[in-house]
Amino acid sequence: LRPRARSVSPGDWRFAGRVIRRGRRLADLDEAALQEAAQALRPALLEQGLTGSAVTDSFALIREATFRTLGYRHHKVQIMGARHILAGHLTEMATGEGKTATTALAACTAALAGVPTHVVTVNEYLRERDYETLRPIYDLLGLSSAQVAPDTDPMAKADAYRAAILHVSNTTLVFDYL
């Protein structure tokens, strides 16, 4: 099977707009209320899966958590990219478009839906950088997270693989699998 190329559609732009509009009402919540909102969203994501209004709400929530922890909000292209990732599509983004930020939306939404999530990078530098960058978002949303390096102790690796979100390089993942 070959992956199908899919370009951005008008529906993608509308989805991104809905995420941004829904996020405006989250700005007034304190951190405890934001965490409660994340936990309250879990049943809807479990019921609806990675489609529907629960994903819109999740992206809006994660976008607000990102602003509070990292100081920026996702752009429309990142919201659309994350939506495509959740739909199982390969997503190509140019240098500087914010692949790490895009990953946060998809990974957190999948984890909130109860899907064990592995964020796989091409090398150890990106694995560590992306994990350290995104960990404050995971913590704010109450999601367990970990990273695995090639020299991680086997017992620690076993624990790390049970986290809601795991960051790992492709090489380490392959050798751990084998």
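From the N terminus on, the elements of the chain follow the order α-α-α-α-α-β-α-β-α-β-α, which comes to 8 helices and 3 strands (DSSP runs, with H or I over at least four residues for helices and E over at least two for strands, numbered from the N terminus). The radius of gyration is 16 Å, close to the 16 Å that the globule rule gives for 178 residues, so the chain is as compact as a globular protein of that length (the radius is taken over C-alpha atoms, and the rule is 2.2 Å times the number of residues to the power 0.38). This is a predicted model, in which local features need pLDDT of at least 70 and side-chain atom pairs count only at pLDDT 80 or more, while totals for chains, interfaces and linings use all residues. Residues are numbered from 1 along each chain as its sequence is written, and side-chain values use heavy atoms, with hydrogens and water left out.

Along its principal axes, the C-alpha trace spans about 45 × 40 × 30 Å. Of the 178 residues, 41% count as buried (under 20% relative accessible area, with a 1.4 Å probe and protein chains only).

Now to the largest pocket. Its lining consists of 27 residues, and Ile85, Lys99, Thr103, Val119 and Val120 lie nearest its centre (a pocket is an open set of points on a 1 Å grid over the protein atoms alone, where a 1.4 Å probe fits, with protein on both sides within 12 Å along at least five of seven lines; lining residues have an atom within 4 Å of a point). Two or more lining residues come from each of helix H4 (76-86), helix H5 (99-112), strand S1 (117-121) and helix H6 (124-140). H5 gives the most, with 7 residues.

Conventions:
Buried means under 20% relative accessible area, exposed over 50%, partly exposed in between (1.4 Å probe, protein chains only).
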